Amino acid sequence: MERKLNVIAFISGGKDSLFSLLHCVANGHRIAALANLYPSSLSDGADESVDLNSFMYQTVGHSLIPLYAEILSLPLYRQEIRGTAANRGKDYHHVSGNGLLQGNAAAISVAGEEDETESMVTLLRHIMIDHPEADAVCSGAILSTYQRTRIESVALRMQLVPLAYLWQYPDLPTPEPRKAGLLEDMAAVGLDARIIKVASGGLDEDMLWENACAEGTRKKLAKVMKRFGGSVLGEGG
């Protein structure tokens, strides 16, 4: 019998983390809690519309995160993001407090500077005090090795099973190649993912509030990405 897990679901406000959560449920796992990291400037009373330019975290739209807990009837734990992208290597290897490398390769970091990845550790520790049954963590990583290896590093150090149901989703074997297949599958289950920020060549404010999963939007995105490069799914890596 397949092991059923108690999952802490990282949510960013984006379509991918929510769809990954739905995959957890579809595979028989239980969502124990929601976890979210937000820009530290919020703790100083700054405008909640602030969007952190982070290597690791999506923060645009973070002010709506509390609605997730209300709609899903799940406990939500939030913490500010501390540190910067001190280690900018594609793969992540944590350096312990005594300076010892935890991994097989050298870490690229700035001496004495905390990497923003470690914010996940503090947040997960807090959640696991209230939910000791938690034994897994899920994220919406699709194409970004940078993101996936950091989540795996934290999860494995905390003895949590890392789940990434969307990983390499567009490249999974199918009868016909579908680079926008993930968006099609999201549309099939009724997911309505609105575009609230554009930051790519060929995309302007006319795309704002379009449903990224809708057929018409998918075609527009595919046309733009063919010309300028990038992923129709909205993630790099």
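1. The expected span of a helix is 1.5 Å times one less than its number of residues. Helix α1 has 12 residues (15-26) and should therefore span 16 Å, in agreement with the 16 Å between its end C-alpha atoms. Helices are DSSP runs of H or I with at least four residues, strands runs of E with at least two, numbered from the N terminus.

2. This is a predicted model, in which local features need pLDDT of at least 70, side-chain atom pairs count only at pLDDT 80 or more, and totals for chains, interfaces and linings use all residues. Residues are numbered from 1 along each chain as its sequence is written, and side-chain values use heavy atoms, without hydrogens and water.

3. The chain's average pLDDT (the predictor's confidence in each residue, from 0 to 100) is 84, and 81% of the residues score at least 70. Over residues 98-110 the pLDDT falls below 50, although this stretch has 23 contacts in the model beyond near neighbours in sequence; contact means heavy atoms within 4.5 Å. Where pLDDT is low, the predicted coordinates should not be read in detail.

4. Ser12 belongs to the loop between β1 and α1. With a relative accessible area of 16%, Ser12 counts as buried. Beyond residues up to four places away in sequence, Ser12 touches Ser17, Asn36, Gln58, Val60 and Ile65.

Conventions: Buried < 20%, exposed > 50% of the residue type's maximum accessible area, 1.4 Å probe, protein only.
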